[in-house]
Amino acid sequence: MIAPGKSNSRGGAGGAQEGGAASRAAPSTILLPLPPTANHMWVHAGSRHFRAPHYVSWLTECSWRLTAEKFPRFHGKFAMSLDLPRGMRGDIDNRTKCALDLLVRNSIVSDDRHCDRLIISRVDDLPAKQCRLIVTEIKQEKEL
């Protein structure tokens, strides 16, 4: 859910990039359950691979939340920031693949290859089992 009483902007995240070649629209933020690690996304049975049941449950829950919040769609290049709870065990980079796949699965972005900036942080203001997902469209300005 979008944090109550807070704007969808994140200080210092907007504005022009180097040389003024690109700018960002206002970011959109949602609180979600903590994504599973990329190490536990799949179950292997012989030569076949299946999504792990807890990964499917996570995708389903997050998809409902994105729909309920009417999370906007982003076209073209985008930035994603994933805030994780400070006390979370494990590598922080293992959580990003699930989050990016969630965005594609729900047509929030067309393809995760359009992610031009990825920021992963441990923060103090999240409960142990939640994450904050922030997506910002990167708009290309025409060169003069």
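The protein exposes about 8500 Å², and carbon and sulfur atoms supply 52% of that area, where accessible areas come from the Shrake-Rupley method with a 1.4 Å probe and, for residues, only the protein chains shown count as cover. Before I go on, please keep in mind that this is a predicted model, in which local features need pLDDT of at least 70 and side-chain atom pairs count only at pLDDT 80 or more, while totals for chains, interfaces and linings use all residues. Residues are numbered from 1 along each chain as its sequence is written, and side-chain values use heavy atoms, with hydrogens and water left out.

Let me start with the overall layout. The protein has two helices and eight strands, which from the N terminus on run β-β-β-β-β-α-β-α-β-β; helices (H or I, at least four residues) and strands (E, at least two) are DSSP runs, numbered from the N terminus. Of its 144 residues, 40% count as buried, and here buried means under 20% relative accessible area, exposed over 50%, and partly exposed in between, with a 1.4 Å probe and protein chains only. If we take the contacts with a separation of 6 or more, residues 24 or more positions apart account for 77% of them, a contact being heavy atoms within 4.5 Å.

Now to helix α1, residues 53-68. Its 16 residues should span 22 Å at 1.5 Å a residue, and the end C-alpha atoms are 23 Å apart, which agrees; the expected span is 1.5 Å times one less than the number of residues. Which residues of α1 are buried? They are Tyr 55, Trp 58, Leu 59, Cys 62, Ser 63 and Leu 66, and because they cover an arc of only 130 degrees around the axis, they lie on the same side of α1, the arc being that of the directions from the helix axis to the C-beta atoms. What covers these buried residues includes β3 (28-33), β5 (48-51) and α2 (96-105), whereas the face turned away from the buried side carries the exposed residues Pro 53, Trp 64, Thr 67 and Ala 68. Just after α1, Lys 70 takes a positive phi of about 55 degrees.

The next topic is the core. The largest nonpolar core has 28 residues, and those with the most contacts inside it are Phe 78, Met 80, Leu 103 and Leu 133; such a core is a set of buried Ala, Val, Leu, Ile, Met, Phe, Trp, Tyr and Cys residues joined through side-chain atoms within 4.5 Å. At least two residues of this core come from each of β3, α1, β6 (78-85), α2 and β8 (130-140). Leaving aside neighbours within four places in sequence, Met 80 is in contact with residues including Leu 100, Leu 103, Ile 119 and Leu 133.

Finally, the charged pairs. A search of the whole structure finds eight salt bridges, each a side-chain nitrogen of Lys or Arg within 4 Å of a carboxyl oxygen of Asp or Glu. Lys 97, partly exposed at 38% relative accessibility, meets Asp 101 at 3.2 Å, N to O, and these two are four residues apart in helix α2, so about one helical turn separates them. Lys 97 also meets Asp 112 in a salt bridge at 3.1 Å, N to O, and this pair links distant parts of the chain, with Asp 112 in the loop between α2 and β7 (115-123), 15 residues apart from Lys 97. Arg 132 and Asp 125 form a salt bridge at 2.8 Å, N to O, in which Arg 132 counts as buried at 13% relative accessibility, while Asp 125 is partly exposed at 46%. Asp 83, Asp 125 and Arg 132 are linked in a network of salt bridges.
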